[in-house]
Amino acid sequence: MSAYTPASEVILRHSDEFIARRVLFAGDLQDTLPARFEAASVCAHTSQYHHWQQLRPALGDKAHFSLLADAGMTADCDTLIYYWPKSKQEAQFQLYNLLSLLPVGCDIFVVGENRSGVRSAEGMLDGIASVNKIDSARRCGLYFGRLEQQPAFSPDAWWQDYEVDGVSVRTLPGVFSRDGLDAGSQLLLSTLEAHRKGKVLDIACGAGVLASVFAQRSPKIRLTLSDVSAAALEASQATLASNQLEGQVLASNVYSDIVGRFDLIISNPPFHDGMQTSLHAAEMLIRGAASHLNQDGELRIVANAFLPYPALLDETFGSHEVIAHNGRFRVYRAVLRRGKAGKA
């Protein structure tokens with residue numbers, strides 16, 4: 001089995017093309033191809049913390065994690081290789097940011113799975129770059145163009161707002177539930193009791209909806225919010241600020257950067273990484289909870305009913321209960337009893 005995604009394998013079909021180029025990789029980077037790529041120079045920008053963790057050991061300060069690219073990242077580049085994400089709005093946000101910084105005449109390669117909508121690159125970049133498909137393999141498309149005109153880009157124009165239970169939610173392209181609260185999170189939210197106290201950790205916090213609504217109901221809780229997405233972290237900060245709420249917001253790949261123990265861990269854990277189905281994050285969330293909960297602390301998550309989490313919960317905690325459900329989702333609750341605690 002290849003160590004690379006299908007999109008990277010398509011790029012490798014053209015590897016001789018890049019030997020003398022100064023390449024910037026960006027977008028939905030899910031493997032370590034940038035760290036092993038043969039080119040005159042290579043740097044990478046990602047808005048996903050776990051992807052940055054993969055790249056940093058080999059690329060060092062040539063690997064960048066942030067919501068926005070800046071002029072320092074693009075200054076020495078003559079070629080962009082952009083991996084198309086599953087969100088068209090996120091792709092436009094990122095491409096406009098990158099192309100507003102790259103020099104006119106820069107070569108642009110856009111690659112992605114056909115089912116992700118990568119063919120939209122042609123229309124999206126109309127008037128900025130003439131982009132055409134140059135390869136198709138592994139159910140992916142590769143598009144090439146040359147930057148003809150830098151687009152105008154203002155991150156402030158991309159913010160979107162909605163309201164949940166009197167809480168103003170601020171969000172950005174690529175953040176889960178960008179257009180409104182999803183049904184799973186709504187079900188989990190319905191189980192969070194008012195007037196609760198203690199330390200609460202919201203993992204995969206998205207725009208910070210769960211934590212913010214919970215804090216409005218229970219002002220004495222102390223919040224920590226984490227996510228791998230730079231857009232989600234920025235949105236969570238903005239949501240807390242717009243509702244005059246306090247909380248620590250940090251980048252963490254599940255528990256990678258979490259310190260200490262909590263009385264409650266809540267999550268609507270993702271089961272995709274890009275277009276690929278992946279239960280890895282949710283499994284890490286459940287298995288690692290015992291090392292990050294206080295005695296009698298609890299893990300409370302919502303998940304699609306078909307996902308195989310009950311066995312993991314029982315293996316970790318000894319038992320679990322379903323405290324809410326509908327036709328599609330279940331909310332699981334598991335409590336850390338004496339003798340189950342791990343090392344924090």
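Helices (DSSP runs of H or I, at least four residues) and strands (DSSP runs of E, at least two) are numbered from the N terminus. With these labels, S190 sits in the loop between helix 7 (183-189) and strand 10 (198-203). The structure is a predicted model, in which local features need pLDDT of at least 70 and side-chain atom pairs count only at pLDDT 80 or more, while totals for chains, interfaces and linings use all residues. Residues are numbered from 1 along each chain as its sequence is written, and side-chain values use heavy atoms, with hydrogens and water left out.

The side chain of S190 reaches the backbone oxygen of L187 at 2.5 Å. From S190 to F144 the step along the chain is 46 residues, and their C-alpha atoms are separated by 48 Å.

Next comes the division of the chain. The domain assignment gives domain 1 (6-155) and domain 2 (159-336); such bounds come from an automatic or database assignment. The C-alpha centres of domain 1 and domain 2 lie 31 Å apart. Their contact (heavy atoms within 4.5 Å) takes 20 residues from domain 1 and 21 residues from domain 2.

Buried area is the accessible area (1.4 Å probe) that two parts lose on being put together, summed over both. Domain 1 and domain 2 bury about 1,700 Å² between them, and 55% of this is on carbon and sulfur atoms. Within domain 1, the residues that lose the most area to domain 2 are Y49, L67 and K86, together 30% of what that side buries.

What kinds of polar link cross this interface? The rule finds six residue pairs in polar contact there, both residues at pLDDT 80 or more. A polar contact is a pair of N or O atoms within 3.5 Å; within protein, one must be able to donate a hydrogen and the other to accept it, and residues adjacent in sequence count only if both atoms are side-chain atoms.

On the side of domain 1 that touches domain 2, the elements giving two or more residues are helix 3 (49-59) and helix 5 (88-99). Helix 3 supplies the largest share, four residues.

Finally, the whole structure holds ten aromatic pairs. Rings of Phe, Tyr and Trp (its six-membered ring) pair if their centres lie within 6.5 Å; planes under 30 degrees apart count as stacked, over 60 as edge-to-face and the rest as tilted. F18 and F109 form an edge-to-face pair, 4.9 Å centre to centre with 65° between the planes. This pair links distant parts of the chain, 91 residues apart: F18 is in the loop between helix 1 (6-12) and strand 1 (22-27), and F109 is in strand 5 (residues 107-113).
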